[in-house]
Amino acid sequence: MPDSDTTNTNTDANTTTTTTMTDDADLALVDVTKRYGETTALETLSLEFRPGTFHGLIGPNGSGKTTLFAMLAGLTRPTSGRIERSSATTVGYSFQEPRFYPSLTVRENLEIFRGFADDPPPASWLETLLEELRLEPAADRRADELSGGFRKKLDLGLALIKRPQYLLLDEPLADVDDYSRRRIRAFLDDYCEGDRTVVVSTHNVAAFADALDRLTVVVDGDLRYDGAPEDDVVSQYRSLLE
Amino acid sequence: MDLLALLRKEAIGSRRNLGLLVVLLLVLPGGIVAGTAVFEQTVPQDVPVGVVADEEASEGDVAITTMAMEQFATPVEYDSDEEARDDLQREEIYLVVHVPGGIMDEETDANVTVVSDHAFAPLEEPINESLGIAESELDGAVASNASIDHDQVGDERSLSEFLVPTGVFVFVTLYALVYLPYQLRSERLVLDRLQTESRLETVVASKLLFYGAALVVSLSAVAAVGWWLGYNVATLSPLTLGVVGVTFLYLAAIGLAVTFALGLRQTALFVNLGLALAIFGLSSLVYPTGFFSSRQGTISELLPTYYSSVTTRSAMLRDAPASLYADYLLWLAATAFGSLVLLQLSLIWYRRRR
């Protein structure tokens, strides 16, 4: 759960955010700016992700959420500032657009990516993922023959296959059917137990409103809010956008 | 109106794929036509030949024989027959011309002996024609009754056998320069995920290792079919495996470097295809360097693919020790190293563009 003493909030987009890093955060951005040519995707942003939290990274399309995730996952480097990530920290990343081996089956994809882990979870974890993500019916189908929902679920499974300490999910429920959504939501809630962190990036705050322990709102590359969510997260988000 | 709308879509789409279309519609056809400029003749023009003077031969004898050979070749003088024959096997020269004494002596029936290598089967007919011309030149220039004899060394080879190493080289070029980049590009979507789990360098290394090792399967197939057809070709000799391996390595590294440098775009496949066509046209795969023109010869000798082609042919058709090709192999290894550096730079460029 969020630690209100060290929560850094910035309710006014025009004020400067000051961050005090906590000792228990293994993953953080410090004064990070990311530019693509003339375009600024993120501006002097500091943020930390604490163990055992369900962290919502919310913002409209194009606000810099995916860029932020790409930096946390080590796919791109900040133009200035730094990413703090201890060497022992494991991060799983579910992409907005699914990323997998198209010519391999669902099961083969999961097996291959399980092999990347230094200390892989038991093989039964793969079966658990197939079941919890409702991937079993497609387990032996080629990934490039899957429907949009199954593709998204496979990508989620690949992010989870190492059972990482930090799970970064970019619009994880897009294209997923309602029944699977409920199953996945429940599964992710359980996943946070045992000091694991789930960070969900979405523009659809309502989908995760009742699960969030911490809320970060990013708009046009600026940190608009970072702190505990209010009871009515949707209204809170709307007011932050205005 | 449907047609107009669809044509408009094609025009807009073409604008978005301008790089690809420039390569496909301008660079490739233009390059093919420009490439024809180096193929000027169908009889040997500037083929390097070695001239070895017998002990009795005078400077005049050598000079007059050299002049006769200059009709179709660039003569290079050698001190010993052994040295010249080594270079014959290395394809530094394509004939060894033995100059006897007394060519200038009108009372002597001077007999010039020209030695070629059985392994270079396509050269047999052009050599016979060219030597006929040289014999006429020589006979007209000296008072003696001069003639030219043609001997061949090495095991007799058919044109079919000669084409086996050429076919292997063509296959390896297409496999490394076109297929492997295509295969990697087909997995471009997973590269982002792979980079969260591993290094791009490791991903590329796994491709080079796997597809390089898989070449043994292809060479085994070549060996099996060759055996079935009764060919005497050393497809799986250590030298063959070595030269094919290093050729695959540098061509694949170049192909992948182009692919990453162009951001895994489709254009890269066409650029690599263009490179493969240029290699086929300019590496003297079937005819000796300088056969078509001096320019073609000069270009060939600058290309590592020429040395790959020669060493592959020698490994498969000639009974020569690998040490004879040590400098060629060193040059190919240096090319492989340079290509890997280029690949590393393209990977850095690819990552920095993100």
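Predicted model: local features only at pLDDT ≥ 70, side-chain atom pairs only at ≥ 80, totals over all residues.
Q: Where in chain A does Asp175(A) lie?
A: Residues are numbered from 1 along each chain as its sequence is written, and chains are lettered from A and ligands numbered from 1 in the order in which they are written. Helices (H or I, at least four residues) and strands (E, at least two) are DSSP runs, numbered from the N terminus. On that basis, the place of Asp175(A) is the loop of chain A between β6 (166-170) and α5 (178-191).

Q: Is Asp175(A) buried or exposed?
A: Although Asp175(A) is not a glycine, it has a positive phi of about 70 degrees. Buried means under 20% relative accessible area, exposed over 50%, and partly exposed in between, with a 1.4 Å probe and protein chains only. Because the relative accessibility of Asp175(A) is 61%, this residue counts as exposed.

Q: Is Leu264(B), which has a positive phi, buried or exposed?
A: Leu264(B) is not a glycine, yet its phi is positive, at about 60 degrees. The residue belongs to the loop between α10 and α11 (267-282) of chain B. Since its relative accessibility is 5%, Leu264(B) counts as buried.

Q: Which element of chain B has the highest mean pLDDT?
A: Chain B has 14 helices and five strands, and its pLDDT averages 88, with 97% of the residues scoring at least 70. Among its elements, helix α2 (residues 18-35) has the lowest mean pLDDT, 76, whereas the highest, 97, belongs to helix α10 (residues 238-261) of chain B.

Q: What percentage of the residues in chain B is buried?
A: Taken along the principal axes, the C-alpha atoms of chain B fill a box of roughly 85 × 50 × 40 Å. The chain has 354 residues, and the buried share of them is 47%.

Q: How many Å separate the C-alpha atoms of Ala143(B) and Val27(B)?
A: Ala143(B) sits in the loop between α5 (124-141) and β5 (147-153) of chain B, and it counts as exposed because its relative accessibility is 54%. In sequence, Ala143(B) and Val27(B) are 116 residues apart, and in space their C-alpha atoms are separated by 56 Å.

Q: How many Å lie between the C-alpha atoms of Ala41(A) and Ser63(A)?
A: Ala41(A) is placed in strand β2 (residues 39-49) of chain A, where its relative accessible area of 13% makes it buried. Ala41(A) and Ser63(A) are 22 residues apart in sequence, while their C-alpha atoms are apart in space by 7.2 Å.

Q: Which kind of aromatic pair do Tyr179(B) and Tyr211(B) form?
A: Rings of Phe, Tyr and Trp (its six-membered ring) pair if their centres lie within 6.5 Å, and planes under 30 degrees apart count as stacked, over 60 as edge-to-face and the rest as tilted. By this rule there are 21 aromatic pairs over all chains. Tyr179(B) and Tyr211(B) lie 6.1 Å apart, centre to centre, with 65 degrees between the planes, and their pair is edge-to-face.

Q: Which residue has its charged end over the ring of Tyr328(B)?
A: A charge sits over a ring if NZ of Lys or CZ of Arg is within 6 Å of the ring centre and within 35 degrees of the ring normal. In chain A, Arg196(A) lies over the face of Tyr191(A), at 5.1 Å from the ring centre. For Tyr328(B), the charged end found over the ring, 4.6 Å from its centre, is that of Arg90(B).

Methods
Heavy atoms only, no water. pLDDT = per-residue confidence, 0-100.
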